[in-house]
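Thank you all for coming.

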Amino acid sequence: MNSVSHVLLASHGTEGALAAEQMALSMCAKGAKLHHLIVVPTLWQGMTGDDWLNNGSTRDTFRRYLEGELGREVDEHCERVNKFAEENELEYSKEIVLGEPDECLIDSSKRDKFDLVIMGSPRPKGKKGLRSRMKTEILTRALTIPLLIVPYPTQ
Amino acid sequence: MVYTKKSPALFIIGVIMLAIWYMADSGMLAPYIEHLAAGKKYKYLSELTTIPMYFGIIAAAIGLWQWFGSHKEGHWDYYSSSVAGGMFILLIAMLVRWFVAPEIAVISMSMGKVGDTGKYIHKLLGLNYVVLGIVAGIIIVNVFKIPDWAQNGVRLSRLGLKTGVILLGSLYSAAELTNLGGLSIIMIGFFVLGSVGMVLWMGARRNIPNSMGGVLSAGLGVCGVSATVASAPVVQAKSVEIAYTIGTILLWGVGCMFVFPIIGNMLGMSYVQFGAWAGTGILNSAQVAGAALAYQPDGIETLKVAEIFNITRVLILPIIVLWLAVWYVKREENATQVNVGQVIFEKFPVFVLGFILLFALSTTGVFSPPVHYKGKYFDNTKVSAKKMLTDEQVRVLIANADKVQREDRKAALARLIEQRKVASIEDDATLRGLANARIMGKKADKILKHAHKAVRHTARKIKAFRQWITWLFAFGLVGLGMQITIGSMKQAGGQPAVIGGVVGLTKAVLSLIVVLMLVKETI
């Protein structure tokens with residue numbers, strides 16, 4: 001362990017992602033770079049659904065509110081990982097993007113020279129949470145660097 | 001930012017529309033139209049030879065300008081960027097209404113009637129242009145994605161629906177609006193308050209957070225996604241709670257849009273009964289209009305009833321949002337105080353004022369003379385030879401005439417047989433009563449109804465309004481279909497799915513029982 005110097009961590013606050021964070025922190029050498037990728041799934045764009053009764057101002061209020069909520073959740077999450085990174089003397093950077101999780105991870109992996117991509121495993125069936133799964137088959141075909149999928153904590 | 005995309009898409013849409021018009025007008029489509037008509041008269045021929053020409057020219061001209069012109073930032077650019085998406089929706093609506101839905105009807109009829117229902121499968125399932133249009137929208141957004149050039153225009157669907165509701169205001173009589181309004185206030189009042197209370201009660205028992213209880217009660221109780229959007233910021237709902245609630249409502253709403261017409265057909269509900277049931281029992285307001293048009297695709301009587309219920313719901317929305325805000329503030333220390341006036345002002349549905357204005361205007365006789373009833377009037381001088389009773393029809397009436405007992409009906413029937421058309425407005429009322437009484441048998445009743453239709457005419461403006469309304473709703477619903485993503489529906493789950501299932505089912509079943517017991521077949 002503690003041997004990787006540049007890690008791309010894909011996490012968005014779920015239990016699986018928390019396990020991935022811990023794994024990333026334990027694998028990085030001191031002074032290593034930890035690039036944190038947070039994907040806001042495109043499903044949020046469809047959250048006004050087929051609403052047609054409200055006027056524009058109500059919909060704008062809702063969009064701003066939802067954006068604020070998602071932003072707050074992302075900030076909290078980034079702060080936590082950043083704090084862990086500082087404690088472990090890692091160089092932390094973050095990237096927040098809107099899109100499909102697998103596509104964004106592939107794109108991000110191409111932007112820099114990473115040693116390893118780390119992510120959590122899919123949520124077990126019956127476990128609560130948003131349904132926005134990383135398409136691992138597409139991901140594994142497209143990635144050119146090693147990928148570590150950390151087991152779900154309860155597994 | 002410049003919104004107008006330099007793309008040939010709008011021009012191509014225009015060319016496709018013009019090609020449809022040309023092929024229909026020149027007779028090239030005649031064999032196919034004959035196939036779609038399945039031995040009957042193809043009812044969309046007049047639309048097919050006019051509408052695509054007008055819109056095709058507009059789309060091709062603006063499309064050329066968008067493709068080759070230069071575009072600058074500003075209001076004009078923003079509005080022009082919505083044309084391509086609007087025309088895209090319109091083209092889908094045209095294709096579905098004129099070709100896809102009739103083709104499905106042909107296939108369904110070739111399969112024969114379903115069991116002893118006496119109905120073809122497409123009638124039973126309500127597979128008409130409205131439902132198929134929404135399905136087409138859902139398929140487009142989820143399988144192909146909305147192209148960039150169409151993104152802005154897809155939002156025009158809301159404008160289409162709201163304009164449709166406003167125009168609908170011109171088709172109500174004062175008595176109809178009073179009766180339907182009263183009925184909807186009682187039904188919606190009872191079921192909205194009942195379901196809001198039920199969600200909060202279930203939520204408290206299942207220990208869900210107040211924010212989730214608040215957003216869920218508005219969504220399940222009032223008008224679905226619209227109520228969720230309006231109430232989420234007020235009760236400070238978490239993002240995951242919003243996703244669960246909207247997913248549950250969308251999934252339930254789309255399911256209801258298919259299931260309600262099937263049940264309505266099986267129970268033989270009248271248009272008024274079905275409109276009242278759909279308006280009360282379906283959680284999401286967009287699917288109320290969809291189900292109403294699915295039940296009666298070639299008329300707007302069901303839609304008229306359902307929309308009154310929808311309007312009542314949306315008028316209740318600001319009150320419920322305000323009440324939830326107060327409820328939430330009392331329970332949460334960190335809740336933000338709300339400004340009552342601001343909530344009422346922001347959430348008030350302005351388009352309802354347009355509906356009221358059109359209704360008020362129609363009562364002044366602007367659209368049709370005041371003596372006309374809902375734009376329809378009696379005139380037996382305009383009956384064409386084709387619509388006069390045939391020898392065969394007269395024979396059927398004579399054969400069944402002895403079943404009639406009342407003297408006024410006997411006399412009206414005798415005059416109808418003698419003149420082969422309804423003799424007067426009084427006779428028309430009498431003979432309608434006779435047909436509705438179902439005394440003379442199915443065949444004779446059908447002839448009486450045919451005779452009634454021959455002397456009842458619709459004012460030209462009202463006829464145009466009806467056609468516009470149908471198109472506006474078709475346009476709006478296809479566009480709304482394009483905003484229903486599987487990604488958001490897949491979020492249905494957690495406590496909202498459980499509570500939504502129980503409350504949604506209870507509301508649908510109870511409102512059906514109430515409608516069947518208390519709502520008359522006509523208003």
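Before I name any residues, one term: two strands are said to pair here if DSSP finds at least two bridges between them. Please also keep in mind that what you see is a predicted model.

Let us begin with chain A, where strand 1, residues 4–10, and strand 2, residues 28–41, pair in the parallel sense over 6 bridges. Within that pairing, A:His6 stands opposite A:Lys33 in strand 2 of chain A. To get from strand 1 to strand 2 of chain A, the chain passes through helix 1, residues 15–27, and this β-α-β crossover is right-handed.

Strand 2 of chain A also pairs with strand 3, residues 91–99, again in the parallel sense and over 9 bridges, and there A:Leu34 has A:Tyr92 of strand 3 as its bridge partner. With helix 2, residues 56–87, strands 2 and 3 of chain A make a right-handed β-α-β unit.

Turning to chain B, what do the buried residues of helix 4 pack against? They pack against helix 1 (9–25), helix 3 (45–48) and helix 5 (75–110) of chain B, and among them are B:Phe55, B:Ala59 and B:Ile62. Helix 4 of chain B itself, residues 51–68, reaches 26 Å from its first C-alpha to its last.

Helix 5 of chain B, with 36 residues, reaches 52 Å between its first and last C-alpha, close to the 52 Å expected, although there is a kink of about 45 degrees centred on B:Val96. After helix 5 of chain B comes B:Gly112, whose phi is positive, near 85 degrees.

Notes. Residues are numbered from 1 along each chain as its sequence is written. Chains are lettered from A and ligands numbered from 1 in the order in which they are written. This is a predicted model: local features need pLDDT of at least 70, side-chain atom pairs count only at pLDDT 80 or more; totals for chains, interfaces and linings use all residues. Helices (H or I, at least four residues) and strands (E, at least two) are DSSP runs, numbered from the N terminus. A crossover is right-handed if, with the strands pointing away from the viewer, the path from the first strand over the helix to the second runs clockwise. The expected span of a helix is 1.5 Å times one less than its number of residues. A residue is buried if 20 or more other C-beta atoms lie within 10 Å of its own, exposed if 12 or fewer, and partly exposed in between; C-beta atoms are placed from the backbone. Two residues are in contact if their C-beta atoms, placed from the backbone, lie within 7 Å. The bend at a residue is the angle between axes fitted to the seven residues ending there and the seven starting there.
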